[in-house]
Amino acid sequence: MECCNKRRMMKESPESNFMNRRGSSCFPDEVLERVIGMLKSRKDRSSVSLVCKEWYNAERWSRRNVFIGNCYSVSPEILTRRFPNIRSVTLKGKPRFSDFNLVPANWGADIHFWLVVFAEKYPFLEELRLKRMTVTDESLKFLARSFPNFKAISLQNCDGFSTDGLAAIAADCKNLTELDIQENVIDDKNDNWLTCFPESFTSLEVLNFSILHNDVNFDALEKLVTRCKSLKTLKLNKSITLEQLQRLLFRAPQLCELGTGSFSQELTTQQYTELEGAFSNCKNLNTLSGLWVVTPQYLPVLYPACANLTFLNFSYAPLDSDDIAKLLVHCANIRRLWVVDTIEDKGLEAVGTHCPLLEELRVFPADPFAEGDARGVTDSGFIAVSQGCRNLHYVLYFCRHMTNAAVATVVQNCPDFTHFRLCIMNPGQPDYRTSEPMDEAFGAVVKTCSKLQRLAISGLLTDLTFEYIGKYAKNLETLSVAFAGSSDWGMQCVLEGCPKLRKLEIRDCPFGNAALLSGLEKYESMRSLWMSDCKVTMNGCRLLAKEMPRLNVEVIKEDGSDDSQAERVYVYRSVAGPRRDAPPFVLTL
Amino acid sequence: MATSASAYENDIKNLKATELTLGLPGTHLQQNVPIIDQEKSSASSSSNKRPLQLSHEETSPAQDCGSKCSNIAKNTDDDAAPPPSKAKIVGWPPIRSYRKNSLQEQSEAAGGIYVKVSMDGAPYLRKIDLKIYGGYPQLLKALENMFKLTIGEYSEKEGYKGSDYAPTYEDKDGDWMLVGDVPWDMFVTSCKRLRIMKGSEARGLGCAV
């Protein structure tokens with residue numbers, strides 16, 4: 001592949017052969033590039049590029065992967081000018097709160113003009129990973145035509161395309177190894193996109209189409225799985241029955257990651273035995289997900305495969321505490337577990353008992369809008385997990401109420417949290433035992449967990465929570481806030497106190513212009529700030545834009561809203577200047 | 001540096017003075033928790049409009065404060081406004097639509113909650129789907145129609161006094177409970193079967209112990 005690299009002109013620069021000012025010899029460019037080329041970490045590469053001009057050049061020529069956390073922070077022209085040899089691009093588009101309908105449709109983050117530039121500058125592009133971008137079928141077809149070496153496409157939380165686009169990828173990407181479609185808004189036209197993979201195509205390693213609603217052509221799928229001997233990841237959609245699953249597992253016992261289809265067909269004894277056999281044959285399985293619509297009495301077929309599982313994603317399978325307990329007995333090696341809160345506290349006790357190596361737990365609500373005394377998980381389940389799973393460092397926990405004492409106990413048991421996301425689903429909910437705010441809970445988290453990188457807070461919270469965060473959370477990079485705080489002071493504490501803060505997303509808090517403007521010098525060191533339904537006004541935003549010309553200050557304006565209020569504000573640093581593709585409801589100040 | 005800092009502070013002070021509001025001069029707005037207008041959501045047709053903003057027609061003209069949200073003033077620190085009903089807040093709880101829809105589909109697909117209903121003296125039992133009733137009144141009406149009897153009205157103190165019948169149910173713990181004591185949702189999830197008690201047994205249940 002060396003012949004494909006664009007090499008700059010090999011002119012002898014006078015410095016490269018002489019001693020430099022400090023008296024030590026310089027490496028020739030090729031060696032420097034080779035050495036720097038071995039750096040994988042983005043942060044290291046960033047540091048290296050700042051040392052001197054030679055190192056900057058060596059770094060930019062040797063870089064193969066680029067990660068762009070905000071697609072509007074840079075333009076494709078600037079990107080391709082700096083990095084000529086990129087093989088893999090990761091791009092994130094819309095602000096994260098777009099997942100929760102806070103960003104109107106057609107906001108932007110369209111991949112197309114990136115692809116047009118890449119087709120010219122990176123003809124040997126191999127991988128594209130997109131999150132929260134708009135991707136049309138036209139773009140996918142263009143991609144499939146433009147990059148002969150294209151290998152991997154991963155689309156997460158994207159929108160704008162249909163199975164036609166997938167068909168184009170299947171048909172034209174001869175070297176495809178990965179097709180990973182996760183949680184996108186996709187128009188499933190129920191055409192036979194799977195049949196578009198040619199008979200000669202055998203390179204697939206990752207296939208994830210779990211979000212598609214309609215049936216796929218099973219015959220084509222089975223043939224595809226049979227001939228792709230390197231297939232490691234297979235995530236099926238709901239239409240695949242247990243019987244079909246068994247046939248696929250029979251063809252692909254080498255799978256490492258499996259997403260099952262629907263787990264609730266009526267099976268004969270024979271079929272049950274065959275399915276059990278198929279699972280016990282999968283010796284390499286480390287990840288299990290899917291399990292749409294589970295019939296609990298079939299769960300035992302999984303038991304033979306459970307011993308090696310490290311990641312169990314049951315977040316679409318509302319099991320009860322008995323079923324999960326019986327299963328977890330077999331899952332001693334679990335590191336990551338995603339479940340629905342139908343397992344209740346009793347189920348979490350089982351987690352604490354059987355999964356001592358657990359590092360990540362996510363508990364999703366089955367019924368987020370239930371009124372009254374709905375069930376789910378509580379503080380006692382949270383404590384139970386922390387007692388049994390001392391290695392826990394990532395938690396996402398949806399509950400209806402919590403206590404300060406419980407959270408303090410949890411972090412006492414597990415002081416190594418790096419990601420702590422607690423969602424008390426009733427906004428402004430106090431400690432249900434003491435009726436006090438939940439300030440002390442998050443105070444305990446930030447005081448105890450010195451490695452904390454990501455924090456999401458909820459419940460009744462005053463400025464005290466933010467004082468704690470500003471004072472103690474010195475490694476915090478991402479903070480999500482909703483319905484919290486008492487005054488501007490709260491937000492100021494965070495902006496002044498958290499040196500590593502990169503992403504701050506706030507909704508429905510009493511933070512106004514004084515808070516917004518207190519971060520004047522901070523925002524250039526952050527990726528982005530989102531504030532919606534706070535007390536920021538248009539004048540405040542204009543002032544920010546005026547003082548900080550290298551920030552893009554955007555206000556999303558809805559019809560009929562008060563002209564002076566800035567209801568949705570998105571502030572981010574950019575070297576590309578204001579957006580050229582902003583829709584009419586996005587005002588750039 | 002000092003001059004720009006003070007200039008900046010002046011800007012902040014002036015900002016408040018130049019801010020456009022619809023309030024009367026000197027009206028201070030303190031609002032932290034958005035209130036939910038439960039009835040209005042149908043009127044906000046645009047899908048992106050927050051259902052919880054009151055439009056100007058709805059606030060009483062005399063106290064129309066600047067931003068649209070508040071009739072509930074939250075004082076600086078500790079008085080909490082009543083937490084808004086979460087069912088009506090856009091994007092809350094923060095769950096992606098895909099997951100929400102998926103779990104909703106599953107619970108709908110799971111079918112009804114069918115429980116057996118026995119009545120003392122009746123030759124055979126019936127079965128009803130608890131999911132189709134919105135609450136106790138509808139359930140009791142349905143039972144009255146099904147068995148051609150009158151159950152009457154529930155009162156916390158006296159149960160179904162004045163009626164020959166008392167609707168009871170067996171809960172998850174195996175205990176026989178009087179229908180109507182607990183919130184409807186709790187009842188639906190904990191009810192295993194129904195039994196309509198008759199005669200003296202029924203009256204005994206209704207009396208204070």
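**View 1. Phe97(A) and Phe100(A) in the predicted model.** Phe97(A) is buried, as is Phe100(A) (buried: under 20% relative accessible area; exposed: over 50%; partly exposed: in between; 1.4 Å probe, protein chains only). The two rings form a tilted aromatic pair, 6.0 Å centre to centre with 55° between the planes. Rings of Phe, Tyr and Trp (its six-membered ring) pair if their centres lie within 6.5 Å; planes under 30 degrees apart are stacked, over 60 edge-to-face, the rest tilted. This is a predicted model: local features need pLDDT of at least 70, side-chain atom pairs count only at pLDDT 80 or more, and totals for chains, interfaces and linings use all residues. Residues are numbered from 1 along each chain as its sequence is written, chains are lettered from A and ligands numbered from 1 in the order written, and side-chain values use heavy atoms, leaving out hydrogens and water.

**View 2. The stacked pair Phe113(A) and Trp114(A).** The ring centres are 6.4 Å apart, with 25° between the planes. Phe113(A) is partly exposed, at 36% relative accessible area. Trp114(A) is buried, at 1%.

**View 3. An aromatic cluster in chain A.** Tyr72(A), Phe97(A), Phe100(A), Trp107(A), Trp530(A), Tyr570(A) and Tyr572(A) make up one cluster. The charged end of Arg579(A) sits over the ring of Trp107(A), 4.5 Å from its centre (NZ of Lys or CZ of Arg within 6 Å of the ring centre and within 35 degrees of the ring normal).

**View 4. Arg99(B) over Phe364(A).** The charged end of Arg99(B) sits over the Phe364(A) ring. The distance to the ring centre is 3.6 Å.
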